[in-house]
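I opened the notebook to look up a few things in one model. My notes follow in the order I took them.

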Amino acid sequence: MEEQHTPAGPTWGGPSRWWHGPPGWDRRDDEGRRARWPWRSTLLLTAFVLIGSNFAAHAQHGDRLALDPFSRALLLVGSGLLLWRLRHPVVVVFGTAAVALVYVAAGYPYGPVFLPVAVGCFSAVVAGHRKAAWTALGLLWAGHLVVAHWLYRQLPPTGDHPPSWMQEIGVATWVVAVVALAELVRVRREQWSRERAERAQAARRRADEERLRIARELHDVLAHSISVINVQAGVGLALLDSDPEQARTALTTIKAASKEALGEVRQVLDTLRAPGEAPRAPAPGLDRLPELVEQAASAGLTVEVEGEVPAPAPGTDLAAFRIVQEALTNVVRHSGSRRARVRFDHEEGVLRLRIDDDGPATGADAGGSGNGLAGMRERAAALGGTIEAGPRDDGGFRVLAVLPWKAKEENR
C-alpha cells in the first residue's frame with residue numbers, strides 16, 4: 001500500500017485563506033489572475049450592459065435617441081475593454097470613460113453605460129493607480145457638464161434640454177461613491193498584505209529560533225559525550241595490554257556515554273518529527289548535576305560543587321545545566337587542569353553560575369570552541385541573562401553566567 005501523506009496544517013491556497021482575507025485580494029492571487037484573462041466576468045458585465053441599455057432606451061423613448069448599431073458597438077467596446085483591466089488598468093479606466101462620454105454626447109439613453117467606468121475605476125484604484133482613476137472620473141464628469149449644459153443644442157437629440165443641477169449633483173455623488181468604495185478596498189487590501197508579511201516574518205523568526213535551539217542542543221549533547229568517549233577511548237587503548245580491567249572500565253564508560261548521547265539526540269529528532277507535541281522525556285536540569293560530575297570524573301576531571309544546587313524554573317534549569325555541561329566539556333578538551341569548580345549563588349530572582357579551572361590552557365581553542373561559547377551566550381540571551389567567559393590572570397579560565405530565576409515567557 002502506498003503511504004498517504006496529509007499536510008500538518010492549512011495552506012495558503014486552501015480554505016484557511018478566508019481567515020486572512022477574501023481570495024483574490026492577496027498579491028499571489030493577483031499574480032495568478034493576471035496570468036489569465038477575466039473572460040467570465042467581462043462577458044457577464046457586457047451582457048448586463050447591453051440588456052440594461054435596451055430597457056433604458058424603452059424608458060427614455062422620445063427623450064433620447066434609440067439604440068442603433070453604432071451605440072451597441074460603443075457599448076461592446078466599453079465593456080470589452082474590461083478584459084484588460086488586470087493588465088492595463090490605466091488604459092482601461094480612461095478608455096471606458098471616453099467611450100461613455102462619446103455615447104452620452106451622441107444622444108443615446110443613459111443607463112448601464114457607466115458601469116464599465118465604475119469597474120475600470122475600481123480596478124485602477126485597487127492596483128495602485130489612484131490618480132489615474134480620479135483623473136478619468138473627473139474628466140468624465142467635466143465632459144458631461146460641457147455636453148449637457150453648453151453643447152446640448154449642437155448635439156443630438158434635437159430639442160434636448162439641459163438636465164437639472166440636482167441631476168449633476170447625483171452624478172457627482174455617484175462618482176464619489178465609486179472612488180470611496182475603491183479606496184476602501186485598496187486600504188483593506190494593503191492592511192491584509194501587511195498582516196500577511198508580518199505573519200510570514202514571525203514564522204521565519206520562529207523557524208530560525210527553533211533551528212538555533214536544536215543546533216545548541218545537539219552541540220551540547222554531542223560535544224560533551226564525544227569528549228568523554230574520546231578520553232576513555234584513549235585510556236582504554238593505553239591500558240588494553242597492561243591493565244585489561246581498567247580498559248574494560250573505560251569501555252563501559254564509553255558505552256554508557258554513547259547510550260546517553262543517543263537517547264538525547266533521539267529526543268531532539270522526535271521533536272523535529274512531531275513539532276508541537278510534548279516531549280516523551282523531561283528536559284535535563286540541574287537535578288542531573290551529580291550525573292554530570294560522575295561523567296567528568298570518568299574523563300579524569302574532578303569537579304567541586306560550591307553552594308546549594310538550586311531548582312529554578314524549567315527554562316533557566318535547562319540553560320544552567322547545558323552551560324555547566326559545555327563548560328566542563330571545554331575543561332576536559334582544552335585545559336591542562338584536572339580540577340574544576342562549579343559555584344551557585346541565588347539572590348533577588350537571579351541565578352549566578354560560575355565555572356573555574358586552574359589551567360594552563362592547551363591547544364589553539366583554549367577555553368572552548370567558538371560554537372560552544374556562542375551557544376552558551378545564545379542560551380543566556382534567550383532568557384534575558386548574560387555570559388562572561390575568558391582567561392583569568394592566574395592562567396585559568398572562568399565562565400560566569402547570570403540568569404533570571406524565571407524566563408521571560410514563564411513570567412507571563
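How far apart should the ends of helix 6 (residues 130–149) be at 1.5 Å a residue? I worked it out for its 20 residues and got 28 Å. The end C-alpha atoms are 28 Å apart, so expectation and model agree. I note here that the model is predicted.

**Entry: helices 6 and 10**

I listed the buried residues of helix 6 next. They are A132, A133, A136, L137, L140, G143, H144, L145, V147, A148 and H149. I repeated the span check on helix 10, which has 21 residues. It should span 30 Å, and its end C-alpha atoms are 30 Å apart, so this one agrees too. Helix 10 is mostly covered, with 18 of its 21 residues buried.

**Entry: the chain overall**

I counted elements in the protein chain and found 11 helices and five strands. The chain has 412 residues, and 41% of them count as buried. I then took the contacts between residues at least 6 apart in sequence; 72% of these join residues at least 24 apart. The accessible surface comes to about 23,600 Å². Carbon and sulfur atoms hold 60% of that surface.

**Entry: nonpolar cores**

I looked up the largest nonpolar core, which has 31 residues. L301, I323, V324, L328, V342, L353 and I355 have the most contacts inside it. Which elements give two or more residues to this core? I found helix 9 (289–298), helix 10 (314–334), strand 2 (339–347), strand 3, helix 11 (370–383) and strand 5 (397–404). Helix 10 supplies the largest share, nine residues.

I323 touches L353, I355, M376, I387, V399, A401 and L403. There is also a second, separate core of 28 residues. V113, F114, A118 and V125 are among its members.

**Entry: D356**

I placed D356 in strand 3, residues 350–357. Is D356 buried or exposed? I have it as buried, because its relative accessibility is 3% and the cut-off for buried is under 20%. Its side chain makes a polar contact of 3.0 Å with the side chain of R354. A polar contact of 3.1 Å joins the side chains of D356 and R392. Leaving aside neighbours within four places in sequence, I found D356 in contact with R339, A340, R341, R392, F397 and R398.

**Entry: S79**

S79 sits in helix 3, residues 69–80. I read a relative accessible area of 0%, so S79 is buried. Beyond residues up to four places away in sequence, S79 touches T42, L45, T46, V49 and P116. I also checked S79 against G120. They are 41 residues apart in sequence, and their C-alpha atoms are 9.5 Å apart in space.

**Entry: aromatic rings**

How many aromatic pairs does the structure hold? I count four. The rings of Y103 and Y108 have centres 5.4 Å apart and planes at 35 degrees, so I logged the pair as tilted. Both Y103 and Y108 are buried. Ring pairs link F70, Y103 and Y108 into a cluster.

I took Y110 and F114 next. Their ring centres are 6.4 Å apart and their planes are at 20 degrees, so this pair is stacked. Y110 is partly exposed, with a relative accessible area of 26%. F114 is buried, at 18%.

Note on methods
Residues numbered from 1 in each chain as written. Predicted model: local features only at pLDDT ≥ 70, side-chain atom pairs only at ≥ 80, totals over all residues. Heavy atoms only, no water. Helix = DSSP H or I, 4+ residues; strand = E, 2+ residues; numbered from the N terminus. Buried < 20%, exposed > 50% of the residue type's maximum accessible area, 1.4 Å probe, protein only. Polar contact = N/O pair within 3.5 Å; in protein donor to acceptor, adjacent residues only side chain to side chain. Contact = heavy atoms within 4.5 Å. Core = buried A, V, L, I, M, F, W, Y, C linked by side-chain atoms within 4.5 Å. Areas by Shrake-Rupley, 256 points an atom, 1.4 Å probe, with all protein chains shown as cover. Expected span 1.5 Å × (residues − 1). Phe/Tyr/Trp six-rings, centres within 6.5 Å; stacked < 30°, edge-to-face > 60°.
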